[in-house]
Amino acid sequence: MINIYVARHGQDIDNSNGILNGHRNEPLTDLGRQQARDVGKKMLQEGFRLLQQSESAHPSSTNHATTTLSAIYSSPLQRAYETAQIFSNILSGEKKPSIEVQVLDALIERDFGVMTGMPTSSILEKCGRDHVFSTETIHYFIDPVGAETFDDLIIRAKKLLSYIEQEISDNGDNTDSGPKSILLVTHGDFGKMLYAAYYNIDWKEVLKQFHFGNSEVLLLAKDSPPENAHVFETSQYNS
């Protein structure tokens, strides 16, 4: 069994300026770096740490850490990668990080198509109400030209989850001493669709349930029900 922790990147420049980022590759803001540091410190306080090179991928029950991460994977976009690096540095404690952040292209944010670089405030005007799914706090465009749809994201998420189960879960020690845990650092829309795909929930229900805030962390696990997925929550509502 593998426990999958999913984190969203900290605030980037586009988030700060109210711009739809998608595949744009802007860096974190100072606030975004602080958000990542704050969540990293919370994780450390809650017993998260990185696996050391001399340890098994399945730590023994005598280890006092609540959660030992055997790997950290990041989207290729710098806002996610920098967030992952901050987590790695903090969870290493006083030591040099024992695990390098690995890039997984499948963790990249949704392709926003023609909406890439547009103001978040322009979604209804540009897309039309019939092509927008609205919650109490956010307008989500559904199918602008060149964009991935939420159904597309579900397909990508299922392929990634299958890869994790088949390749990452079986990589290394296969003892029964405990579940393996990994951390994925990704983006708002794709992170929510990972949750939807893992628990087989309709994407519209997921969008209505919660917003995946900057540096927020979810847990996807067989023995953890979907309503308990939030590990650390934030209250930002930027896209």
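Here is a short tour of the salt bridges and a few backbone features in this structure. The model is predicted.

**Asp14 and Arg24**
- Asp14 sits in helix H1, which spans residues 13-17.
- The side chain of Asp14 forms a salt bridge with that of Arg24, at 2.8 Å from N to O.
- Arg24 belongs to the loop between H1 and helix H2 (30-45), so this pair ties together parts that are 10 residues apart in sequence.
- Asp14 is buried at 2% relative accessible area, whereas Arg24 is partly exposed at 30%.
- Beyond neighbours within four places in sequence, Asp14 is in contact with Ile19, Asn21, Arg24 and Glu26.

**Other salt bridges**
- Arg110 and Asp189 meet through their side chains at 3.5 Å, N to O.
- Because Arg110 lies in the loop between strand S4 (102-103) and helix H4 (123-127) and Asp189 in helix H6, their bridge ties together parts 79 residues apart in sequence.
- Both ends are buried: Arg110 has a relative accessible area of 0%, and Asp189 has 9%.
- Glu205 and Lys208 pair up at 3.1 Å, N to O; these two residues lie in helix H7, about one turn apart.

**Positive phi outside glycine**
- Asn200 has phi near 55 degrees and lies in the loop between helices H6 (188-199) and H7 (203-209), where Asn200 is exposed at 65%.
- Ser215 has phi of about 65 degrees and lies in the loop between H7 and strand S8 (217-220), but Ser215 is buried at 0%.

Notes:
Residues numbered from 1 in each chain as written. Predicted model: local features only at pLDDT ≥ 70, side-chain atom pairs only at ≥ 80, totals over all residues. Heavy atoms only, no water. Helix = DSSP H or I, 4+ residues; strand = E, 2+ residues; numbered from the N terminus. Buried < 20%, exposed > 50% of the residue type's maximum accessible area, 1.4 Å probe, protein only. Contact = heavy atoms within 4.5 Å. Salt bridge = Lys/Arg side-chain N within 4 Å of Asp/Glu carboxyl O.
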